[in-house]
Amino acid sequence: DLPVVFSIHDEEALGPVPAATLKELGVDDQGLAREGEVSLLELGASQASMVLGRSPYHARSLATTESGPLYPLFAGLGDRLDGILPGVDVSIWDASRNHRLPHKFQADDLTGKADCKMELQRDLGLTVDGDLPLLLMTAPLVLEAGLDMVLGCATAFPPAGKYQLVVAGALDQADTAILDAIVAANPGEVLHRAEIEEADLHRLLAGADGLLLPQRRELSMLMLLKAMRYGVVPLTHEMGGLRDAVVNFDELTGSGTGVTFTGEDPADYLAALQRFVTLLSSDDRRATLAHNAMSHGFTWDRTADLYLELYTKLSS
């Protein structure tokens, strides 16, 4: 009778095993065997007291027809399906007291962030210009993360005095060649750094104005939350937990924590990138967005409280 919470990180990892193996282990397959195999993901989710997605929106998306072969299972869970966003450790990701940063700053005083940016520009060999939006894309640098869109837009919408782009992380040979050509065409404005340590990441995020996450699959939730704690404004696709974490900026009210877009057409991302650069080119807009991003409440304390509330409810 002990309640079980089953958390799903990747709904595509079905975990197929031979039904005969489960029988040998004394595990009831609950009649879920298909062509001699059972999905451990399906078996676990079907028997759990509660199934958790990566976020509330991700949980709701699991119950749609686009979610994959287990859609009927998720759609039938009803109140047994929910989601909890992860959190970031603010004892580490705190720009006001992190010893790794050359200058400290906080949401209400971003002077130190501007100093971090100019120091980063000097260290990386970029043009030192506090007005140019400095955009960052970091690992994982794969197709699912939208790398092709970032590289394509850097050609269709070149920096050319509009913004700077730093790509941090290892690339395959073909993508390296494409990026090398973009770097050569934009001296002082585009840089590729293949190797990145944790200390490098802190300094990159402290100096960056924007984080590019045009993902086809949700891959970098923790990176997003860490970046926002350092006042880095995200440009994201509206999907999964990203939709829960990032609110599209409203220029009339000044509310919102980033720029979001829908669709997978490169033209959708290009339009969002152009708007993103325009917003970050304004000192006032950039400061407002950085303040909003830093003020998000997605900490591990919040996440732990939500888990405790859930466990208490299931145990009562």
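Arg-60 is exposed, with a relative accessible area of 52%; exposed stands for over 50% relative accessible area, buried for under 20% and partly exposed for the range in between, with a 1.4 Å probe and protein chains only. Arg-60 sits in helix H3, residues 56-62; helices (H or I, at least four residues) and strands (E, at least two) are DSSP runs, numbered from the N terminus. The C-alpha atom of Arg-60 is separated by 7.4 Å from that of Asp-82, 22 residues apart along the chain.

The model is a predicted one, in which local features need pLDDT of at least 70 and side-chain atom pairs count only at pLDDT 80 or more, while totals for chains, interfaces and linings use all residues. Residues are numbered from 1 along each chain as its sequence is written, and side-chain values use heavy atoms, with hydrogens and water left out.

Next come the charged pairs. Side chains of opposite charge can pair when their charged atoms come close. A salt bridge is taken as a side-chain nitrogen of Lys or Arg within 4 Å of a carboxyl oxygen of Asp or Glu, and by this rule the count comes to 11 salt bridges. One of them joins Arg-97 to Asp-94, with the closest N and O atoms 2.7 Å apart. Arg-97 is exposed at a relative accessible area of 54%, whereas Asp-94, at 14%, counts as buried.

Another salt bridge is formed by the side chains of Arg-216 and Asp-148, at 2.9 Å from N to O. Arg-216 lies in the loop between strand S9 (210-213) and H9, and Asp-148 in helix H6 (residues 147-156), so the pair ties together parts that are 68 residues apart in sequence. Arg-216 is partly exposed at 25% relative accessibility, and Asp-148 is partly exposed at 35%.

Arg-193 and Asp-200 also meet through their side chains in a salt bridge, at 3.6 Å from N to O. Arg-193 is partly exposed, with 32% relative accessibility.

Helix H8 spans residues 198-207, and its buried residues are Leu-201, His-202, Leu-204, Leu-205, Ala-206 and Gly-207. These buried residues pack against helix H5 (111-124), strand S6 (134-138), strand S7 (164-168) and helix H9 (221-229), where contact means heavy atoms within 4.5 Å.

Finally, Glu-309 belongs to helix H13, residues 300-315. Glu-309 is exposed, with a relative accessible area of 56%.
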